Amino acid sequence: MTIEPVQYTIALVTIGSFNPVIISPLWLGIKGALGKDETESATVEMIHRELTQFSLSWAACRVTPERFELICDSIAYFEPTKDLFQNIFNVLRETPVTAIGINHVTVFDLGDATKFDQFGKFLAKMDIWNEAISNSKLKTIEILEQPRGDKLSGYRNIRLEGVSNAKAKYGVSISINDHFDVTSVSDMLNIISQNWQSSFDKTKSITTSLWNQFLKRQ
Amino acid sequence: MEINNTSPKRGEIEITVIGTGGGYGESLIIHDGTGQWIIVDSCVSPDGDKNLPLEYLNHLGVNLSNSVKLIVCTHWHDDHIKGLADIYHECSSAEIAFSQAHDQWKFLYFVSLDALKLKDQSSESSTYEFNTILGILITRGKSYRRAQSDQLLHLVRLDGKSITLFALSPSSSTLDKFDEEISQLIADSESRESKIVIEKPNEKSVALLFDFGIYNAIFGADLEVGHHSDSGWFNILDNLKCINRETKSIYFKIPHHGSKNGFHARIWEELLSENPVATLTPWNRNNGLPTDEMINVYKRLSKNLYITSTKANFGKPKKRSHRLEKLIRDFDIDISEVKYSHGIIRYRLDIVNKGTCFNVEISGAAMHLQDPN
Amino acid sequence: MEPVLEKAVSTKHSPRKSTSQSSIPFDFLNKKDVLENAIDRIDSGEESLLHHKDQYGVSSYVKKTLDLPEGLILNISRSQSTISDNDVVRWKGFVTEIKEHTFTSKLFDIDAKGTHEIGELPNEKIQRDDLNLLKIGAIFYLSVGYFYNTKGQVQKKMILKFQRLVSWSVEEIDQAVDRAAYLAENISGETLEWK
């Protein structure tokens, strides 16, 4: 197994009050947030008052009246994704928003069933179940940091669960929701610019700490 | 830190040059003989962890909040100003000196506009430093000292003699032209996704004259010779009142990293004594400065020639995995690392006891460039 | 475990107000029917569930934080995801010089702080969309590494993308003007007299 993720997806999620029909690749092109080719090659799945969903070659966007999501699963485009998010809300400055989450979804490959099992036992006391059931296995665990260690309003939610896909047959997904409470778009943009890099640094330190402790016990 | 941590005594002048190898800035630290210190520009280690002038002064045990009396910002370049806001913050009793365009409002509007880019992280960090400095200035309710040719920036008396620091540049006409340039920079700021690049920043650079009684020193900053008699070194040579033609400088901080643009024979003939103590700091532009040709020129002019590190050291990319290194080469990307080489040269002269030559100490990557003859 | 988890989730935030991302998307199914179903179900306010299967072969229905019907997902079968962090180097740079066939830049490794680099890159690698962004001071992102393509194959790739930011808003210009006015009002320069 390696302690580098085989997959890394980020999602910028904001809660507020949105008008999904406004946000589209064409609109982004007009505003200068996308180039002509990017605008024309975008795939629009839906534009509706309840849901807008479209994809670029490097990111995807989903908007409902209460929630805005911008997702990217290529590390080469994480910074442009942040720029795109900032661009959208630099234009929509009057949008009421109450929270912003910088989400990091990292998938690690444990390599084999034995290591996968050992990891579950490392995370939780599985033997407490043996009295009542046989062959207990951990599926999901979720940890909340609240208040935040950096004293900003919000919390950090860490969720681990088993996944199985082409890149990681015995995979563990570690999803870190770096949640900040905000009062306005201006506040939100400041939070993003001031905490963007530290959010990544913190994710790395959480996952590294976890793997180092696991490997020490092997 | 390798260099000796003994503080200069009363009556002992100190000029310390800190260099970083060509891409991470340089700084001058001056002791005026009375226990007061002056810091000219700033530089930080590449990881941002160490503010090098503060590290040096802390090494000497200097009380930053009481003893540092003046901070001079010689110009706008990143490599001269990074960390200057921290210095100003720590040195709470220091005055600060800088030059600015004559049209103050326009200048401040440009600084404010560029500071907005910080949110997008597309700003030159020098504007960030400057913006922070202005904020501290306001909080302290102080004025800044105007750095412009013939302006006095610092004055103390030692045993009845005056010890002064004068700005030799920029000239008034240079600042007029800066006004025009600011207008263009504001128009350019409309493109928020690019860094503002100041045209010819070196013309606005603040060269200094440090006069300590019977001797004096000239710090050339990045000032280039210029093309007109009312700017650059020609203006200093022909028009300034603060220069005493009878007393030539025994120390010269060679301007603009020893480039040809910062050299003119008249500077050496008319302003400097024979065989002055001279310091070079390298830079990473193009093939690096100073060039070998210019080093030889300076070696002929001074046997007391020092450099803070070997000239800009770059060639290979940063060390990465073999796979990635090969991949970078496969894509025909020509990359070279700008290496960090920390060097300190300290010059001390006891003027009370009528010392006649500097006591020189070097540490880190600094070296004495020997005269080939 | 189950009761504790429920309590932790409900204490400070409801699932709807959570800024966690939606579940990792999977393959898009029958687009037209699903779209029509999606609109119907959203309009009717019916909550949808996500069918999830893990490596134990266990299926479960998990309440989603986002009301989207099953099958309607984000089709980000991106071609650019990397194998791992070890296989990519990322820089943020800005243009310092433009030549006929190349441009010179100052490069900062995004993942490894410290010294910077000087890079000379071929102009032909600039995407057509970004050509008008090439100028002195222009900021860009450069990544070089091993990436998966849409077929799951590994490819060596160099990705060069110039930063694109929207124009200043009236509010932002006003902010700068106000700040300049505030600074001008509160800052003054002095000159020392020497006799």
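Two strands pair if DSSP finds at least two bridges between them. Strands (E, at least two residues) and helices (H or I, at least four) are DSSP runs, numbered from the N terminus.

The model is predicted: local features need pLDDT of at least 70, side-chain atom pairs count only at pLDDT 80 or more, and totals for chains, interfaces and linings use all residues. Residues are numbered from 1 along each chain as its sequence is written, and chains are lettered from A and ligands numbered from 1 in the order in which they are written.

**Stop 1: the sheet**

Select B:V72. Its bridge partner in β5(B) is B:A97. Now widen to strand β4 (residues 68–72) and strand β5 (residues 95–98) of chain B. They pair in the parallel sense over 3 bridges.

Zoom out to the whole sheet. It is open, has 9 strands and mixes its pairing. Follow the order β16(B)-β15(B)-β1(B)-β2(B)-β3(B)-β4(B)-β5(B)-β6(B)-β8(C). Which strands are at the edges? They are β16 of chain B and β8 (189–190) of chain C, each pairing on one side only.

Contact means C-beta atoms, placed from the backbone, within 7 Å.

**Stop 2: strand β15(B)**

Select residues 343–350 of chain B. Is this strand largely enclosed or open? Of its 8 residues, 6 are buried, so β15(B) is largely enclosed by the rest of the structure. Buried means 20 or more other C-beta atoms within 10 Å of the residue's own; exposed means 12 or fewer, and partly exposed lies in between, with C-beta atoms placed from the backbone.

Show its partners. Strand β1 (residues 12–19) of chain B pairs with β15(B) in the antiparallel sense over 8 bridges. Here B:I13 stands opposite B:L349. Strand β16 (residues 359–364) of chain B is also antiparallel to β15(B), over 6 bridges. There, B:G343 stands opposite B:G364.

**Stop 3: a helix pair**

Select helix α5 (residues 104–116) and helix α7 (residues 172–188) of chain B. They pack at an angle of about 30 degrees, with their axes 10 Å apart. Colour the contact: B:K106, B:F107, B:Y109, B:F110 and B:L113 in α5(B) meet B:D179, B:I182, B:S183, B:L185 and B:I186 in α7(B).

**Stop 4: the cores**

A nonpolar core is a set of buried Ala, Val, Leu, Ile, Met, Phe, Trp, Tyr and Cys residues joined through C-beta atoms within 7 Å. The largest has 97 residues. Pick B:I71, B:V72, B:Y88, B:A207, B:L208 and B:F219, those with the most contacts inside this core. Helix α5(B) gives the most to the core, with 7 residues.

A second, separate core has 67 residues, including A:I191, C:V89, C:L133 and C:I159.

Return to B:V72. Leaving aside neighbours within four places in sequence, its contacts include B:I38, B:A97, B:A147 and B:L208.

**Stop 5: chains A and C**

Show chain A. It has 5 helices and 9 strands. Its C-alpha trace spans about 60 × 40 × 30 Å along the principal axes. Buried residues make up 48% of its 218 residues.

Switch to chain C. It has 3 helices and 8 strands. Of its 195 residues, 30% are buried.

Notes. Axes are lines fitted to C-alpha atoms, for helices over the stretch in contact, and angles run from 0 to 180 degrees between N-to-C directions. Two residues are in contact if their C-beta atoms, placed from the backbone, lie within 7 Å.
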